Amino acid sequence: MQCLPRIAYRRKVDKVVGDNGEAIVGEGKMQQKNSSGKQSVGRPALISRATIGEAALAELDGISSTKVAKRLGVAQSSLYRHITDRADLIRLAVDFALANQEWPEPEGNWRKYLLDYSVSFWKFLEKHPGLSQELELMRPSPQSVIDRLTKVAVDLLGFGFSAEDANMAVDLLAHVTISSMITEQIFSSKGRHGTTVRDENRDAWLSQDQRLARQTARSMEQDMYLNLLERVELILDGFEMRLGRKEKATEHSTSGTLLTTTVAISGITPDRGIGSVIDELQALPGVQTVTISVAVEGISTATIYSDRALEQTEIGEAVAEAGFLVVAQRA
């Protein structure tokens, strides 16, 4: 009777098969002594963080470690030798997806570049169902996302954007694209009465003022991708006006033809107050243009270019009309 060889394990393995001194293991490396007494190396690891990321991406819609482990053909406990928790699993999926996606290069002008970036981001989310919801909720952001968005913002600096405008543009476009994709996925799902959520939501809005209802119905009936393109165009129009206003202010400042007044205003945020404060200040007689720099700590700086000296009272009243407060003024 032939005896099985003695096998020396470096660590526990899932399975051993064979009577000729070779072994098959579930995962990992195993050293053994065969019948000749020589050391040999078993199978290499079947999974890594990269392969886990690829599998997690395929199971992203309703992701769980159980599904990912099954797709990889390993035990769930084996998976947790490489990851810490569900969030780590999702980060690996995001890393793998971003690394294998083509992105536009900053060719032409900044407007075309940002439109191409938004379209590419939409296609990226469409390709991977479930990713938009995960990105919307994930905190902190995965490093791969930070690197990708930073690349776009740095490209905008090359187009003449300020750091503030570059970050704001990337953030706005990313959020509106993610939001549009989530809405499309919800609208396309089955409703409570046998129709789609899109149909039910459209019908619910029929009670709206009739001067608006037709356009609302149209926007809900069409694919959210078309709505996204309209929203992106609106955002880009805003940045074009903003950049033009800053260029005009710079020209006036360097020529010395206008007076400059700087005021500190409390409460303005990137998505609240900029437009209304600018509108109220530009309505003052003699004011040619206004720029606002939003500060993180809540005190923003408005620079007013005018062909006459402005009174502190009239500036304060204009800002108050917009719903904000002047906390300091310097001519």
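This is a predicted model: local features need pLDDT of at least 70, side-chain atom pairs count only at pLDDT 80 or more; totals for chains, interfaces and linings use all residues.
**Entry 1: Phenylalanine 324**

I then located phenylalanine 324 in the loop between helix H13 (312–321) and strand E6. I also checked its distance to isoleucine 268: the two residues are 56 apart in sequence, yet their C-alpha atoms lie 7.5 Å apart in space.

I moved on to valine 327, which I found in strand E6 (residues 325–330). Valine 327 has a relative accessibility of 45%. This value falls between the limits of 20% and 50%, and therefore valine 327 counts as partly exposed. I noted that Val327 belongs to a nonpolar surface patch, which it makes with Ile299 and Leu325. The patch covers about 260 Å².

**Entry 2: Salt bridges**

Side chains of opposite charge can pair when their charged atoms come close. How many salt bridges does a search of the whole structure find? I recorded 17.

I examined arginine 49 and aspartate 88, whose closest N and O atoms are 3.2 Å apart in a salt bridge. This pair links distant parts of the chain, since arginine 49 is in helix H1 (residues 49–58) and aspartate 88 is in helix H4 (residues 86–99), 39 residues apart. I compared the accessibility of the two partners. Arginine 49, at 40%, is partly exposed, whereas aspartate 88, at 11%, is buried.

Next I looked up glutamate 233, whose side chain meets that of arginine 111 in a salt bridge of 2.8 Å, N to O. Here too the pair links distant parts of the chain: glutamate 233 is in helix H11 and arginine 111 is in helix H5, 122 residues apart. Glutamate 233 has a relative accessibility of 31% and so counts as partly exposed.

I also recorded a salt bridge between arginine 211 and aspartate 209, with the closest N and O atoms 2.8 Å apart. Arginine 211 is exposed because its relative accessible area is 75%, and exposed means over 50%. Aspartate 209 is partly exposed, at 36%. Finally, I noted one network in which salt bridges that share partners join Arg111, Glu233, Asp237 and Glu240.

**Entry 3: The largest pocket**

Rolling a probe the size of a water molecule over the atoms shows where empty space is left. I read that the largest pocket holds about 800 Å³ of space. Its lining has 28 residues, and those closest to its centre are Met168, Leu172, Arg242, Pro270 and Ile274. Which helices each supply at least two residues of this lining? I listed helix H8 (163–187), helix H11 (224–255) and helix H12 (274–282). H11 gives the largest share of the lining, eight residues. By class, I counted 13 nonpolar, seven polar and eight charged residues in the lining of the largest pocket.

**Entry 4: The second largest pocket**

I found a volume of about 430 Å³ for the second largest pocket. Among its 23 lining residues, Ser141, Val145, Leu149, Asp171 and Ala174 lie nearest the centre. Helix H5 (110–127), helix H6 (131–137), helix H7 (143–158) and H8 each supply at least two residues of this lining. I sorted the lining of the second largest pocket into 15 nonpolar, four polar and four charged residues.

Key: Residues are numbered from 1 along each chain as its sequence is written. Side-chain values use heavy atoms; hydrogens and water are left out. On a 1 Å grid over the protein atoms alone, a cavity is a set of points where a 1.4 Å probe fits but cannot get out, and a pocket is an open set with protein on both sides within 12 Å along at least five of seven lines; lining residues have an atom within 4 Å of a point. Grid points are joined across faces, edges and corners, and a volume is the space filled by probe spheres set on the points. Helices (H or I, at least four residues) and strands (E, at least two) are DSSP runs, numbered from the N terminus. Ala, Val, Leu, Ile, Met, Phe, Trp, Tyr, Cys and Pro count as nonpolar, Asp, Glu, Lys and Arg as charged, and the others, Gly among them, as polar. Patches are made of residues with over 30% relative accessible area and no salt bridge: like charges are joined within 9 Å, nonpolar side chains (Val, Leu, Ile, Met, Phe, Trp, Tyr) within 5 Å. Accessible areas come from the Shrake-Rupley method with a 1.4 Å probe; for residues, only the protein chains shown count as cover. A salt bridge is a side-chain nitrogen of Lys or Arg within 4 Å of a carboxyl oxygen of Asp or Glu. Buried means under 20% relative accessible area, exposed over 50%, partly exposed in between (1.4 Å probe, protein chains only).
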